Amino acid sequence: MLTIDGKKISLSKGDTFDVTFAVNGYRLKDGDSVIFSIKNTANSSNVLMKKIYTTFVNNKVRVQISAEEMESLTIGSKVYDLVCITGDVKVTLNYPANLVIKEVVHNE
């Protein structure tokens with residue numbers, strides 16, 4: 001199960017992450033790379049997961065992370081953000097937002 005409340009995303013442990021983010025204030029273009037990062041805290045130097053995307057439709061980026069990859073994240077609160085990098089230009093697309101990994105009962 002995945003729920004979104006504003007920028008807060010809650011996801012069941014081990015589920016597939018599939019979220020499309022609409023980008024405001026910056027026009028995504030060919031040659032851009034959008035990086036989706038997850039950390040325990042915004043100040044942490046340890047990146048738990050990082051995904052890079054270079055394909056965009058209607059100024060949106062679709063972040064897809066497999067269930068197997070998401071299984072590596074521990075239960076509890078994390079933070080995520082998106083940054084766009086092209087050449088020597090770097091634009092943060094959102095401030096750190098909450099990502100909550102929830103416990104499940106099933107073993108699948």
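Rings of Phe, Tyr and Trp are taken as a pair if their centres lie within 6.5 Å. The legends below describe close-up views of a predicted model.

**View 1. Ring pairs link Phe17, Phe21, Phe36 and Tyr80 into a cluster.** By the ring-centre rule, the count for the structure comes to four aromatic pairs. One of them joins Phe17 and Phe36, whose ring centres lie 5.4 Å apart with 35° between the planes, a tilted arrangement. Phe17 belongs to strand 3 (residues 17–22) and Phe36 to strand 4 (residues 33–39), so this pair ties together parts that are 19 residues apart in sequence. Phe17 is buried, its relative accessible area being 0%. Phe36 is likewise counted as buried, at 1% relative accessibility.

**View 2. The largest nonpolar core contains 26 residues.** Within this core, Phe17, Phe21 and Phe36 touch the most other members. Strand 2, strand 3, strand 4, strand 5, strand 6 (60–65), strand 7 and strand 9 (97–102) are the elements that give two or more residues to the core.

**View 3. Surroundings of Phe21.** With neighbours within four places in sequence set aside, Phe21 is in contact with Ile9, Phe36, Asn59, Lys60, Val61, Val63, Tyr80 and Leu82.

**View 4. Salt bridges, of which the whole structure holds four.** Glu71 and Lys13 form one of them, their closest N and O atoms being 3.8 Å apart. Glu71 lies in the loop between helix 1 (67–70) and strand 7 (76–86), and Lys13 in the loop between strand 2 (8–12) and strand 3, so the bridge ties together parts that are 58 residues apart in sequence. Glu71 is partly exposed, with a relative accessible area of 42%.

**View 5. The salt bridge between Glu69 and Lys51.** The closest N and O atoms of this pair are 2.4 Å apart. Glu69 sits in helix 1 and Lys51 in strand 5 (residues 47–53), and the bridge links these distant parts of the chain, 18 residues apart. Glu69 counts as partly exposed, at 30% relative accessibility.

**View 6. A salt bridge between the side chains of Lys29 and Asp32.** The N to O distance is 3.3 Å.

**View 7. The antiparallel pairing of strand 1 with strand 2.** Four bridges join strand 1 (residues 2–5) to strand 2. Leu2 stands opposite Leu11 of strand 2. The hairpin formed by these strands has two residues between them, and Gly6 adopts a positive phi near 65° there.

**View 8. Ser10 in strand 2.** Ser10 counts as buried, at 11% relative accessibility. Beyond residues up to four places away in sequence, Ser10 touches Met1, Leu2, Thr3, Val100 and Lys102. Among these, Leu2 is the residue that stands opposite Leu11 in the strand pairing.

How values were computed
Residues numbered from 1 in each chain as written. Predicted model: local features only at pLDDT ≥ 70, side-chain atom pairs only at ≥ 80, totals over all residues. Heavy atoms only, no water. Phe/Tyr/Trp six-rings, centres within 6.5 Å; stacked < 30°, edge-to-face > 60°. Buried < 20%, exposed > 50% of the residue type's maximum accessible area, 1.4 Å probe, protein only. Core = buried A, V, L, I, M, F, W, Y, C linked by side-chain atoms within 4.5 Å. Contact = heavy atoms within 4.5 Å. Pairing = 2+ DSSP bridges.
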